[in-house]
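Subject: Structure handover

Hello,

Here is the structure I promised to pass on to you. Have a look at it first, and then read on for what turned up.

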Amino acid sequence: MEGNKATVAGILDITAGIFGLVGAIPLLVLAFGGATVLGMVPEPEANRLAILPLVLFLPLALLGFVAGIVAIFGGMAALNRRRWGVSVAGALAAVFGFFPGGVAAVVFTILAEPEFRATRELAAS
């Protein structure tokens, strides 16, 4: 397992990022579908509540999309063993996409820091 921690972290980051992106789609459907359904109700009180699904689910969907994209970029950086900071940011974002995989990605990314350092030293020489 020595020397493969960055690869495992990258795969976990990318997997969690994909889960985050896919998980944001139902949140978008809930946000816009719920607002549409409540907006079509003829009672004025329900029309005032039509904004509620957007307020609740749209920020969560945006968080899922952003976290998924950051996790995927961090996973690519980990697979290439470049930019350890980007890899850590991607692993932290992966926690929002898929919690168990994200936590494992954080652990493996932190443990893989010597691999990043060795790659940087090889590139410098």
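Let me start with Arg83, which sits in the loop between α3 and α4. Please keep in mind throughout that this is a predicted model. Arg83 is not a glycine, yet its phi is positive, near 50°. Its relative accessible area is 67%, so Arg83 counts as exposed, the cut-off for that being over 50%.

The loop between α3 and α4 also holds Arg81. Arg81 has a positive phi too, about 55°, and is likewise not a glycine. Is Arg81 buried or exposed? With a relative accessibility of 18%, Arg81 is buried, because the limit for buried is under 20%.

Arg81 brings me to the salt bridges. The whole structure has 2 of them. In one, the side chain of Arg81 meets that of Glu115, with 3.2 Å from N to O. This pair ties together distant parts of the chain: Arg81 belongs to the loop between α3 and α4, Glu115 belongs to helix α6 (residues 113-124), and 34 residues separate them. Both partners, Glu115 and Arg81, are buried.

A salt bridge also joins the side chains of Glu113 and Arg117, at 2.4 Å from N to O. Here both residues are in helix α6, 4 residues apart, or about one turn of the helix. Glu113 has a relative accessible area of 21%, which makes it partly exposed. Arg117 is partly exposed as well, with a relative accessible area of 35%.

Now for the chain as a whole. You will find 6 helices and 0 strands, and from the N terminus the order of elements reads α-α-α-α-α-α. How does the radius of gyration of the chain compare with what the globule rule gives for 125 residues? The chain comes out at 19 Å, well over the 14 Å of the rule, so it is more spread out than a compact globule. Along the principal axes, the C-alpha atoms fill a box of roughly 70 × 25 × 15 Å.

Buried residues make up 32% of the 125 in the chain. The accessible surface is about 7300 Å², and carbon and sulfur atoms account for 77% of that. Among contacts in the chain with a separation of 6 or more, 68% are between residues 24 or more positions apart.

Which residues make up the largest nonpolar core? There are 5 in all: Ala16, Ala67, Ala71, Ala93 and Ala94. Helices α3 (52-80) and α4 (84-97) each contribute at least two residues to this core. As for Ala16, its contacts beyond the neighbours within four places in sequence are Ala94, Gly97 and Phe98.

Finally, the surface. Phe99, Val103, Val107 and Leu111 form a nonpolar patch of about 370 Å² there. One of these, Val107, is in helix α5 (residues 99-111). Val107 has a relative accessibility of 42% and so counts as partly exposed, because that class runs between the limits of 20% and 50%.

Do write back with any thoughts.

Best wishes

Methods
Residues are numbered from 1 along each chain as its sequence is written. This is a predicted model: local features need pLDDT of at least 70, side-chain atom pairs count only at pLDDT 80 or more; totals for chains, interfaces and linings use all residues. Side-chain values use heavy atoms; hydrogens and water are left out. Patches are made of residues with over 30% relative accessible area and no salt bridge: like charges are joined within 9 Å, nonpolar side chains (Val, Leu, Ile, Met, Phe, Trp, Tyr) within 5 Å. Accessible areas come from the Shrake-Rupley method with a 1.4 Å probe; for residues, only the protein chains shown count as cover. A salt bridge is a side-chain nitrogen of Lys or Arg within 4 Å of a carboxyl oxygen of Asp or Glu. Buried means under 20% relative accessible area, exposed over 50%, partly exposed in between (1.4 Å probe, protein chains only). A nonpolar core is a set of buried Ala, Val, Leu, Ile, Met, Phe, Trp, Tyr and Cys residues joined through side-chain atoms within 4.5 Å. Contact means heavy atoms within 4.5 Å. The radius of gyration is taken over C-alpha atoms; the globule rule is 2.2 Å times the number of residues to the power 0.38.
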